[in-house]
Protein chains: 2
Amino acid sequence: MKCIKCKGKAQIKLPQHNSRFCKTHFIEYFHNQVSKAIKNYRMLNKDDKVLVAVSGGKDSLVLWEVLNQLGYCPDGFYIDLGIDDYSRQSENTCRSFAQQRGLDLHTVSIPELMGGLGIKEISRKTRRNPCSVCGLIKRYYFNHYALNKKYNVIATGHNLDDEAATLMSNLTRWQTGYLSRQSPVLPKNHPAMVKKVKPLHRLTEKETGSYAVINRIPYIYEECPLAEGARSILYKKTLNYLEFYSPGTKRQFYLDFLKKGKYNFKDSEQANLTSCNTCGQPTTLETCAFCHLIERLEVKKQVLS
Amino acid sequence: MKCIKCKGKAQIKLPQHNSRFCKTHFIEYFHNQVSKAIKNYRMLNKDDKVLVAVSGGKDSLVLWEVLNQLGYCPDGFYIDLGIDDYSRQSENTCRSFAQQRGLDLHTVSIPELMGGLGIKEISRKTRRNPCSVCGLIKRYYFNHYALNKKYNVIATGHNLDDEAATLMSNLTRWQTGYLSRQSPVLPKNHPAMVKKVKPLHRLTEKETGSYAVINRIPYIYEECPLAEGARSILYKKTLNYLEFYSPGTKRQFYLDFLKKGKYNFKDSEQANLTSCNTCGQPTTLETCAFCHLIERLEVKKQVLS
């Protein structure tokens with residue numbers, strides 16, 4: 001098996017591109033895909049103050065590594081979700097990654113901010129699905145922290161598999177509002193909103209995994225213990241089933257959605273974005289979903305320092 | 001396991017509805033779904049002259065049976081595709097079904113109409129995928145025959161699995177024109193076009209199979225030998241994978257598309273429907289795809305008697 005670029009020994013096979021690469025040319029390909037994503041959607045400028053949301057998993061650490069290599073000087077941001085050993089290991093992985101590279105890692109702790117409660121406890125108390133509660137809390141603190149510390153872009157490690165699974169989820173119920181808003185870049189649509197970008201959206205989970213292994217980036221392999229049975233995992237498996245028998249279909253499904261599909265859907269909500277009457281963050285309601293959650297939990301929200 | 005209607009012994013379990021039925025109430029449910037489809041889309045009136053396209057498979061024979069039971073007096077139409085034993089067995093199955101019920105079956109033979117060539121030979125000669133050639137030829141003769149014999153509706157046995165697979169296929173490439181036109185009813189948009197309806201579109205392949213077994217309708221079990229490896233089969237398997245872990249998702253995906261999704265897509269082609277300059281049938285080109293095929297095959301097209 002030969003690299004299609006240099007005819008040297010290929011290490012990575014990419015059936016979706018009908019390609020094979022040696023290590024050097026796989027890294028080149030990977031960086032090109034990230035650069036293309038950044039350029040196509042005008043995600044980042046070299047003078048942006050970028051905060052990368054890191055979890056300790058391969059996608060977010062690979063994103064931090066690549067953005068650093070491409071010269072964007074990003075800082076990392078880790079949220080301790082209070083999920084026992086899983087959170088402790090995740091934080092240690094992020095800390096040692098940052099230390100080895102001399103990068104800055106910022107952290108906040110959900111149990112510290114929310115009266116000692118972790119995601120599991122919040123999920124139980126509110127009888128809400130843990131992934132949904134976790135997503136809500138993370139979105140809130142990503143935005144809140146970046147705003148407070150004057151970062152003007154938040155970068156997340158969502159890869160092509162994540163985005164294709166979200167697309168499939170939105171399509172099974174034909175949630176046209178979500179379909180119109182699903183994008184690799186969420187612009188600053190409100191004074192209290194920080195722009196969000198997904199520079200890995202053209203790369204699959206397998207590709208980010210290969211990049212991590214080749215570049216010896218230690219990451220935690222385990223999925224979050226609370227995510228077991230999550231629908232997003234089922235959609236990923238379904239798309240992988242299709243991809244196995246028809247390589248390239250997953251990529252086409254998602255990238256053609258961005259190119260041709262999404263413009264067919266009208267966004268009814270974006271126009272009605274207003275400020276939460278409690279915290280001032282953007283919302284389509286009077287009080288934002290995060291403040292509703294805080295109310296329901298009867299905890300005192302801590303102000304970020 | 002008890003029938004949810006009469007508490008008698010249930011024979012059929014429908015996880016997508018969280019329901020179980022005895023034979024009698026399954027048949028009632030099945031007829032109700034067909035009636036609902038017919039009513040929602042104004043598919044048929046009792047005085048329509050209806051031609052049911054039958055292949056010898058379960059879906060089309062079940063459709064013929066149900067339309068007959070619901071009082072629509074439909075005739076059957078069988079196209080011999082010239083696929084060796086498979087076609088002979090299919091035709092015999094249709095003939096004995098019609099005979100036992102005193103129904104009228106009309107037949108035409110592709111080898112007779114097209115210079116001795118069957119689908120396999122036409123596919124080879126034109127180097128086109130057999131399913132695509134077969135679909136084109138069948139669509140042409142369904143319409144041509146119905147028009148000649150003054151039928152005003154053609155009913156086909158497409159079930160929910162067929163339609164959901166087509167939807168998935170259209171979505172993987174975001175073919176917005178196809179998405180806008182995918183419908184359980186294709187209206188008469190041209191003087192030489194006969195209305196087409198799909199009364200089984202709310203029922204799954206498993207349900208039509210169960211209906212055939214319960215009502216002792218003999219049908220050919222084999223898939224068409226030329227369809228092996230067809231993409232439609234892969235999409236069906238993919239959706240069945242999802243359905244297995246999340247019952248009801250396939251139905252929701254397709255029915256919510258009809259309810260909420262499809263109106264988002266614009267149809268660019270329908271407005272440009274014109275008459276083929278060779279045969280007069282509706283087309284978006286100067287010469288229709290069927291006449292192009294005939295030209296390429298260099299056979300003399302037989303006129304239907």
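Before the first helix pair, a word on axes: they are lines fitted to C-alpha atoms, for helices over the stretch in contact, and angles run from 0 to 180 degrees between N-to-C directions. Helices (H or I, at least four residues) and strands (E, at least two) are DSSP runs, numbered from the N terminus.

What you see is a predicted model, where local features need pLDDT of at least 70 and side-chain atom pairs count only at pLDDT 80 or more, while totals for chains, interfaces and linings use all residues. Residues are numbered from 1 along each chain as its sequence is written, and chains are lettered from A and ligands numbered from 1 in the order in which they are written.

I start with the helix pair in chain A. Helix α2 (residues 58-69) and helix α9 (residues 205-214) of chain A pack at about 65 degrees, their axes 9 Å apart. Residues count as in contact if their C-beta atoms, placed from the backbone, lie within 7 Å. On the α2(A) side we find A:Lys58, A:Asp59, A:Leu61 and A:Val62, which meet A:Thr208, A:Gly209, A:Tyr211 and A:Ala212 of α9(A). By class, this contact has four nonpolar, two polar and two charged residues. Here Ala, Val, Leu, Ile, Met, Phe, Trp, Tyr, Cys and Pro count as nonpolar, Asp, Glu, Lys and Arg as charged, and the others, Gly among them, as polar.

Now the sheet. In chain A, six strands form an open sheet with mixed pairing, in the order β5-β4-β3-β6-β8-β7; two strands pair if DSSP finds at least two bridges between them. β5 (105-109) and β7 (185-186) of chain A stand at the edges with a single partner strand each, so one side of each has no neighbour in the sheet. Helix α2 of chain A packs on this sheet, touching β3, β4 (75-80) and β6 of chain A, and its direction makes about 155 degrees with that of β3(A). Helix α3 (residues 84-101) of chain A lies across β3, β4 and β5 of chain A, at about 165 degrees to β4(A). Strands β3 (residues 50-54) and β6 (residues 153-155) of chain A pair in the parallel sense over three bridges, and A:Val52 stands opposite A:Ala155 of β6(A).

Last, the two chains together. How many residues of chain A are in contact with chain B? There are 20, and they touch 20 residues of chain B. α7 (160-172), α10 (231-245) and α11 (249-261) of chain A each supply at least two residues of that side of chain A. The largest share, seven residues, comes from α11(A).

Methods:
Two residues are in contact if their C-beta atoms, placed from the backbone, lie within 7 Å.
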